Structures are given as structure tokens and as C-alpha cells.
Amino acid sequence: MGRSEEIRAQLLEKLREETIETIYNAWFAELRVFSIDEVLDIAYLGVPDLPGKDMNFIMSILRNRYSHKIENVLTNIMGRRFRVVIKRVEEYEDETDSLKHQIKESAASKHFYDNSFDPRYSFDNFVVGDGNKLAHAAAFAVAESPAQSYNPLYIYGNSGLGKTHLLHAIGLHLEKTKPEMSVLYVSAENFTNELVDAIRKNRTYDFKEKYRNVDVLLIDDIQFFGRTKESQEEFFHTFNDLYHNGSQIVISSDCEPDKIDNLQDRLKTRFQWNLIADIVPPDYETRIAILLKLSEANGLTVDEELMKVIQFISEIAKANVRELEGSLNRVVTFARLFNEKITLAFAQKTLGSSNVERRAGVTPERVKSVVSDFYHIEASDLESAKRQSNVAHARMIAMYLIREMTDSSLPKIGEYFGGKHHTTVLHACKKVENLTESSLEVECEIEEIKGLLGR
Ligand code: ADP
Ligand code: MG
């Protein structure tokens, strides 16, 4: 099963668990997962054209009433906040829409192929702050004069702090300034895969030739070597050869040499021969500077409102630069998708920071006030004994929602409505439950009110 299929299966299973059957069959059963962008954390869902159904209506219900629910379910499955875009399958198929294209590209180009340097990962695009000053200075010195300053250069830090960026920056700089040099970038994982492949195909000679004849070797995520003995062994010899030939070696890892599990001591010793530079998460000012730079690169005008958004993101995304950039990218992408202005409120909504507060705010009083507004009646009518059909309908819906969304007991709910008997409340709740199954209109009303309540 492909990844999209796997996610689709999980998504449908969860939706089935969480909704009654009629709703599930009416709205979710046909959903397809068209593609998943794991960089921007967006799932593109599609609905096939259903014969005899009003597709515009179906799409509007899915987008307006259920996208929130689908997002929550997907967020649970993926383990991080996901957004969904729902379109008709047809729309994807004849989509020449440039935006979709752009998003795809941005996602794809994040996965580097060895030995091609991503032009965005230049020194110019690297924002220097206290947390990465040393690593940046050392990387730049190496790029200016390989094998003459720090050799080997060992850079370490948590994921998303710019190690790969610096390795690429060295490569880009050398490509420009010393095109005659052979510079090779490889992740330790790919180094290992290539080695295994070479052994299988009896091509170890070619493998050695490739790696032992470069002027600069940039090797990323060396902690991966902790997993395999053969590749450590091979890397040890590669390292020695290169070093003795006067080649530059730059290494990145997620921790200090000492702390890499299962790494031979003699390799640890080699890594400690020269400079070890760490990178720690950026401080607030640096986070702002990074987002400003990114905004510029995206062609955004930095006005007062965007500055508020940048400050907001800098406050919530502290752990690493990937998360920081991801948050801004998500806001920008969604603003484009939904034709919205990039405002603080939109950013907060998109990044979901206020979800928790909103959900916590569901009280019987709020339900009563939102429901009476929704049906254009007075809140006091809900507590009265009026039997007018619109009032009775609103009252019954309010009872049902309080029952579902707060932990009030039936007698307590009765009290909120002017002292009604608990069997009256029970009767109302049952009736609404039945209606949600038989009446699309009621089902939609309820979803809409829940939306207003911020669920
Ligand atoms: P790592 O390899 O340490 O996991 P990356 O180099 O992949 O991290 O960086 C993650 C993202 O953050 C990349 O898009 C990178 O361009 C960006 N980034 C990291 N540090 C900086 C920085 N100081 N200035 C600008 N962008 C940065
Ligand atoms: Mg990396």
C-alpha cells in the first residue's frame, strides 16, 4: 500500500468510528487522499464525481462543515498539525494551477539528491545569530580556503537548525569560486546505501574511487553511522585517505562525537582532531530576522500587519528553524489558497494556537446565546414555555448541544431552560439525534453552530 493509501485507510477508519453511519456514508466514504505534502503539512483530498449528486453542494458541505473535523482526525493520525484542501478529483486532474505546482516543487526540492546544491541554501540566505555564529564562521572559512583552516570541521546541533544548509552553502560557494575543485555532498545514510549496493554488485572499487578522490567531502548526519559496522569501517578508510591527501572534510551530526552511540573510538578521535562547532536554537531576534529574510524571499511586503504575524510566529515556534519557516510558509500558502489577507488573526487561525482556548470556552450559557443568535430569537425564549415551532426547535437543539459539548447532567440542563423536567430534556436530545440522521438540514445547522462555538 502506498503512503497516501495508507493514510486514507486510517483517515476513513477514524471518521467512521467518530460519526454515525448515515453521515459517514453521505460525506466521507468517497474521500480520496490525492497527495500529502509533508513539508507544509497539507493533505490534498479529492471527491470523485458522484452520479446524480449535486457536486457543488457536496463540496460546500465538506469544505465548510467538515474540513475542521477532517483536519483534527488527520492531525491525530500524523502526529502534528495538518491542514486539508478539498477539491473534486476532476479539479486536480485538469489542474494547471500554478500554485499547486509551486507547492509540489517546494516540497520536492527539499529532498536533495546528493551532489546537487540547493541554491536557496547559500551563505547569503543564512541568518547569523548567537546560536550559530561559530558554525557559520567556521563553515565560511572552510569555503574560502578548504583544508587550510579547520580540517575536519565538525558541526553538530539538533534537527532543523541549519546544518545541511551550511554544508550546501560551502558547496555552492566553492562551485562559484573554485569550479575546478571536486566537491561532494553525501548523507551518511546514502553513503551507506551506496556502499551496500557496491558490495552487492562487486563494485567496491568504483565506490572507493568516487569517495577517495574528492577535494572536499561534505558528509551529513553522521550519527547514522552508529547503525552499521561496515560503513563505519569504510568511512574510516575514506577519512584517512582524504585527510592524508590534503582534502577537506566537513561533518555534521546531531550530537557531539563522544555521544554518538556505537561509533568506533578511533572515528570519534578523528572527529575531534580539529574544530567542533555546535548550533543551538535561535533567540527571538534571530527568529525575527530569519522570518524577515524568508518574507523577502517570498516577495512579501513587510508592513505592520505582517510584522505582527512574524512576531507571533517567533513566539510560538522556538525549537528550530524548520518549524519557524514551516509556520510562515503555511500561513502564506493558505492565504493564497483561500484568497485571504495575511493578518495576525488569520495566522492564529491557521496555526491553530487558539483552538484550545476556544474549545474550553463551551459553556451552557454560550451554547444558549449562540443558538438563539443563530435562530434569531431571544435567549429568554429558550427558557420560556413557548411552543412556537422555531422556538421549540432552537430549544431542543440547544439542549442537545449542551448535552453533547459540556458535562451537564439531564436535570441540570432542565434547570438551564427554566426548570424543565429531565425527561423533557432526554426526549429533546433523542429527537435531535434522530433528526441528524434523517434531515440533512438539521445536520448542517448543528455543524454550523458547532463551528460558531469554535469546535
Ligand atoms: P538541519 O540539517 O540542521 O536539520 P537544515 O539545514 O535542513 O537543518 O535547516 C532547516 C531549514 O531551516 C532549512 O530550510 C534552512 O534553510 C533553514 N535555516 C536553518 N538555519 C537558518 C539560518 N540561520 N538562516 C536561514 N535559514 C535557516
Ligand atoms: Mg540536515
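Close-up 1. Arg 322 puts a polar side-chain atom 2.9 Å from an oxygen atom of ligand 1. His 165 does likewise, with a polar side-chain atom 2.7 Å from an oxygen of the ligand. For Tyr 121, a side-chain N or O atom sits 3.2 Å from an oxygen atom of ligand 1. A polar contact here is a pair of N or O atoms within 3.5 Å; within protein, one must be able to donate a hydrogen and the other to accept it, and residues adjacent in sequence count only if both atoms are side-chain atoms. Widen the view and there are 18 residues around the ligand (a heavy atom within 4 Å). Val 127, Gly 160, Thr 164, His 165 and Glu 325 come nearest.

A word on the model: it is predicted, local features need pLDDT of at least 70, side-chain atom pairs count only at pLDDT 80 or more, and totals for chains, interfaces and linings use all residues. Residues are numbered from 1 along each chain as its sequence is written, chains are lettered from A and ligands numbered from 1 in the order written, and side-chain values use heavy atoms, leaving out hydrogens and water.

**Close-up 2. Helix α7, mostly covered.** This helix runs over residues 163–177 (helices are DSSP runs of H or I, at least four residues; strands are E, at least two; both numbered from the N terminus). Eleven of its 15 residues are buried, meaning under 20% relative accessible area with a 1.4 Å probe, protein chains only (exposed is over 50%, partly exposed in between). Among them are His 165, His 168 and His 173. The buried residues of α7 pack against α6, β4, β5, β6, β7 and β8, with contact meaning heavy atoms within 4.5 Å.

**Close-up 3. Helix α1 and its buried face.** Ile 7, Arg 8, Leu 11, Leu 12 and Leu 15 are buried in α1. Down the helix axis they fall within an arc of 130° (taken from the directions from the axis to the C-beta atoms), so they line one face. They pack against α2, β1, β2 and α3. On the face turned away sit the exposed Arg 16 and Glu 17.

**Close-up 4. The largest nonpolar core.** Such a core is a set of buried Ala, Val, Leu, Ile, Met, Phe, Trp, Tyr and Cys residues joined through side-chain atoms within 4.5 Å. Of its 29 residues, Leu 15, Phe 28, Leu 31, Leu 45, Leu 62 and Ile 70 touch the most other members. The largest share, ten residues, comes from α3.

Definitions and conventions. The expected span of a helix is 1.5 Å times one less than its number of residues.
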